[in-house]
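Work through the exercises below with the model open beside you. Each task is followed by a stepwise solution.

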Amino acid sequence: MKRFGFALLLIAALVMLPGAIAHAQRPAGDAASFAAFTGYRAVPNITYTTASGVELKLDFYGPARPSGPLPTAIFMHGGGYRIGSRKEASVLSLLPYVQMGWNAVNVEYRASGIALAPAAVEDARCALRWVTHNAKEYNVDPERIIVTGQSAGSHLALMTGLVPDTAGFDRNCPGPEPLKVAAVVSWYGVFDYTTLVDDPKRDYAITWIGGQPNYKDVAKRISPMTYVRAGLPPVMAIHGDADPIVPYEQEVREIDALKKAGGVAELVTIPGGGHGNFPKDQTLRAWGEIDKFLQANVINKKPATY
């Protein structure tokens, strides 16, 4: 299985502060061979479901000639669940998975201006159902699907990977397949909305959840914390300890709760890190930890014996 190589250098070079331009160093090593290789399949703007009168799209990327079913990363973008935040803005975040030889799926979902919570959760789970239902056509190994995302997308990844079918979020998803996730990689996402939905500083929580009469019940229902129990997939979280948008404490509570429930859970702390836009060295360190985590818990995980 390919490792991160060039993609790590490119991702790190593209890390930038808002409004600043990143000056990319010329990548070394296998950069030229990666750029010259044309054996990839890209299928953009596939409709995976229709909700609120909107056709919701995903993009698929993967090797053009895979030797068999491949591990697959399903990615949800950030942006506070707002209109104007688009999957295309985060496409480069999928490069490390493509460089590893995985499939990668970039997912859009309903914004708060179209439908309030829990609509985006329902969409993310329907995207997983679509990938599972079409696994054979797209050479997806259904036993090695991970979900990941940044900020709001990270919260949606947690809800996709941790919530049981009985919660009722996927009743409108086409297909009968059970939803199964091998691991979750969470980049600075919310774990417990019940502590944020009354905080005027968390405008993303107010606009997505707080406008509903039963908003406190909704906040509990769409909090990953509500669903912590034994038997969950492994979770890795990456979070800056100076994040002004999503408190670092959210991720600490998440990892502690998952461990207490007997799960595999790891936290990569970015010292002094804000809400993403991490320094190059810290971004590389985080991806190195993700690589080890996926190798141990997805690629080389031994099947359960009964």
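**Exercise 1. Contacts and surface of the chain**

Task: Find what share of the contacts with a separation of 6 or more comes from residues 24 or more positions apart. Then describe burial and surface for the protein chain.

Solution. 
1. Take the contacts in the protein chain with a separation of 6 or more; residues 24 or more positions apart account for 77% of them.
2. Note the source: this is a predicted model.
3. Turn to burial. The protein chain has 306 residues, and 54% of them count as buried.
4. The accessible area of the protein chain is about 13,500 Å². Carbon and sulfur atoms hold 56% of that surface.
5. List the secondary structure: 9 helices and 8 strands.

**Exercise 2. The setting of strand β7**

Task: Determine how many of the 6 residues of β7 are buried. Then identify the strands that pair with β7.

Solution. 
1. Locate β7 at residues 235-240.
2. Apply the cut-off: buried means under 20% relative accessible area.
3. Count. In β7, 6 of the 6 residues are buried, so the strand is largely enclosed by the rest of the structure.
4. Val235, Ala237 and His239 point one way. Met236, Ile238 and Gly240 point the other way. Residues on both sides are buried.
5. Look at one partner. Strand β6, residues 183-187, pairs with β7 in the parallel sense over 4 bridges. Here valine 184 has valine 235 of β7 as its bridge partner.
6. Look at another partner. Strand β8, residues 265-270, also pairs with β7 in the parallel sense, over 6 bridges. Here isoleucine 238 has valine 268 of β8 as its bridge partner.

**Exercise 3. Backbone details in loops**

Task: Locate the cis peptide bond from alanine 117 to proline 118.

Solution. 
1. Read omega. Between alanine 117 and proline 118 it is near 10 degrees, and the bond is cis.
2. Proline 118 sits in the loop between β4 (103-107) and α4 (119-133).
3. Move to asparagine 139. Its phi is near 55 degrees, positive although the residue is not glycine. Asparagine 139 lies in the loop between α4 and β5 (140-150).
4. Do likewise for serine 151. Its phi is near 60 degrees, again positive in a residue other than glycine. Serine 151 lies in the loop between β5 and α5 (152-162).

**Exercise 4. The disulfide**

Solution. 
1. Count: the structure holds 1 disulfide.
2. Name the pair. Cysteine 126 is joined to cysteine 173, with S to S at 2.1 Å.
3. Cysteine 126 is in helix α4, and cysteine 173 is in the loop between α5 and β6.
4. Check burial: cysteine 126 and cysteine 173 are both buried.

Terms used:
Residues are numbered from 1 along each chain as its sequence is written. This is a predicted model: local features need pLDDT of at least 70, side-chain atom pairs count only at pLDDT 80 or more; totals for chains, interfaces and linings use all residues. Side-chain values use heavy atoms; hydrogens and water are left out. Buried means under 20% relative accessible area, exposed over 50%, partly exposed in between (1.4 Å probe, protein chains only). Helices (H or I, at least four residues) and strands (E, at least two) are DSSP runs, numbered from the N terminus. Two strands pair if DSSP finds at least two bridges between them. Contact means heavy atoms within 4.5 Å. Accessible areas come from the Shrake-Rupley method with a 1.4 Å probe; for residues, only the protein chains shown count as cover. A disulfide is a pair of cysteine sulfur atoms within 2.5 Å.
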